Amino acid sequence: HTNAPPTPSLIGCRRQQSAMPPNQLLCLGTARKRCGLAVLRRREEPGAAGRGVPAGCGLASMSRLGPFLVAPRLLRRPWVLPRRPSSVSIVTGPCAGLAGPGASAASLCSGPAAPSLAMEELLSRSVPPLPPYETREKAPPPAELRSVEFMRSYRALEAGPRRAELLARLARDFGVDHGRVAEFSAKVLQAREQQREPGALLQAEDRLRYYLSPRYRGLFQHLGRLEGGLRFLMELRGDLVEALAARHAEGPHVREMNGMLKSMLSEWFSTGFLNLERVTWQSPCEVLQKISDSEAVHPVRNWIDMKRRVGSYRRCYFFGHCAIPGEPLIVLHVALTNEISSSIQAIVKEVPPLETEDMNKITTAIFYSISLTQQALQGVELGTHLIKRVVKELQGEFPQIKVFSSLSPIPGFTKWLIGLLSSQTKEQGRNELFTDAECQEISEITGDPAAEKLKRLLTNNEWVRSERLVRALHSPFMRFCAWYLYGEKHRGYALNPVANFHLQNGAVLWRINWMADTSPRGITASCGMMVNYRYFLEDTASNSAEYLGTKHIKASEQVLSLVSQFQQNSKL
């Protein structure tokens, strides 16, 4: 054990520990569980069920969905003391978690280079060698205890730079054998030049393919077969993504390992292994908590808000995996309406009547939020499959629904617009964005040149406090937004990531909505604007193929008209 202060939920257990004789320490785990349950019972409040809190849950604060829900996780922490404390070496500090079954504190932490040596020893024990090509099918599998030891040791490391260092060593020192790759590449070229029989060429290519596989792939494959191994690999890839973003681990080897692990997760999380589950108010508290915590588009405010989002005229679905039951991977929220929604306030703030759903009022399905709950699954294609599965589910429940559309945020638009305005202020008197009439009206309202003043107002959101300024900016901002979504590209595809996602799915850029999200978050990200991407089910496949092949964006007349106005009035 480390010298960390005791967790509040386990204080009672620590007290029991101090009062117990040494020969009864093995019972500590059972005592701890009793203490943890006692803590949970004390946090429950009478009358909670009558105040809108799901059955079986303690009353949560209105700003979060039950902080006590984290408590059961504490009960799963290892808290069993060794039978013979005097014979155990306790390793703390940077070497903690890297000690193998036969290692001691003295052997691992005896010098400044000890943590690095401990990492090398751990990796050497855990990563199986690549057997010769001839005996690859007869080679024994790696010892399960070694993989379990790697999982335990990795989790004992402090998250951040320490884990990043281990991952960087794994990528650099246990990758592809470049000497063998060069050797068998030459043999493939030789077989082609000598025009040998097809069988010899195919065998040479198979050998090359075999030695192109990095050694750490074998470790990942074996970990994926263990109980809890898939969850561990998700945790490891999440750390890898964070390390790359924070630049704690860099270089081509690390990026290659990240791509390899993403490819393996894509196979393990293919649609055949995924279960579509609907979330209701009767769903387990832990699932509701995770859905709330993972909502990245429109944050859940309290229990009442959560109840509304899974209540009447609303649907919430998530993908789960057969190996990780009860763990949402990606979540989709749907509003059932009679028209394509133009404001998110009408969906997440207005309280629908507590009545039985009227089938005649449901003609349209609005996808208003899709959130990936696991950072480890970044780049794994889940959102497209989830929308397709939900469409089929809704068609089965509501055959009368004929219109499917999103109500999507436009992240990055404000930042892009501020960049445009900054380019305008570099030269005095330069105007390439607004018409002369618009410049004059904005200057009269603000008292300063349009571009310079708007740049400051957009930075602090002060512009929305003036109704007159909001009206004056309506027309130009709609033009700018249309061009941002339709005309701004990255490698030929839509620059905006949300637009690129829906367009790849075969949706049509349908309608831009002014002041559709007036929350501080919406004003900051997209000047309050949102966009509908409409799904014509009979055309999604052809639209997707056209966008991916020719990079052409299908758009409605409203959007194309705004784009044309931008091109006419702007001189960029």
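Mentor: The structure holds 1 cavity of 30 Å³ or more. This is a predicted model, where local features need pLDDT of at least 70, side-chain atom pairs count only at pLDDT 80 or more, and totals for chains, interfaces and linings use all residues. Residues are numbered from 1 along each chain as its sequence is written, and side-chain values use heavy atoms, with hydrogens and water left out.

Trainee: What makes a space a cavity and not a pocket?

Mentor: On a 1 Å grid over the protein atoms alone, a cavity is a set of points where a 1.4 Å probe fits but cannot get out, whereas a pocket is an open set with protein on both sides within 12 Å along at least five of seven lines. Lining residues have an atom within 4 Å of a point. The largest cavity has about 30 Å³ of space, a volume being the space filled by probe spheres set on the points, which are joined across faces, edges and corners.

Trainee: Which residues line the largest cavity?

Mentor: Among them are Leu 503, Asn 543, Tyr 547 and Lys 554. Helix H23 (residues 540-550) gives the most, with 3 residues; helices (H or I, at least four residues) and strands (E, at least two) are DSSP runs, numbered from the N terminus.

Trainee: Is Arg 479 buried or exposed, and how do you know?

Mentor: Buried means under 20% relative accessible area, exposed over 50%, and partly exposed in between (1.4 Å probe, protein chains only). Arg 479 has 1% relative accessibility, so Arg 479 counts as buried. Its place is in helix H20 (residues 467-486).

Trainee: Why is the pairing of Arg 479 with Glu 438 called a polar contact?

Mentor: A polar contact is a pair of N or O atoms within 3.5 Å; within protein, one must be able to donate a hydrogen and the other to accept it, and residues adjacent in sequence count only if both atoms are side-chain atoms. The side chains of Arg 479 and Glu 438 make theirs at 2.9 Å, so the distance meets the cut-off.

Trainee: What makes the phi of Arg 247 worth a look?

Mentor: Most residues other than glycine have a negative phi. Arg 247, though not a glycine, has a positive phi near 60°. Arg 247 sits in the loop between helix H11 (229-246) and helix H12 (252-268), and is called exposed because its relative accessibility is 64%.

Trainee: And what is the phi of Arg 491?

Mentor: Positive too, about 55°. Arg 491 is exposed because its relative accessible area is 71%.
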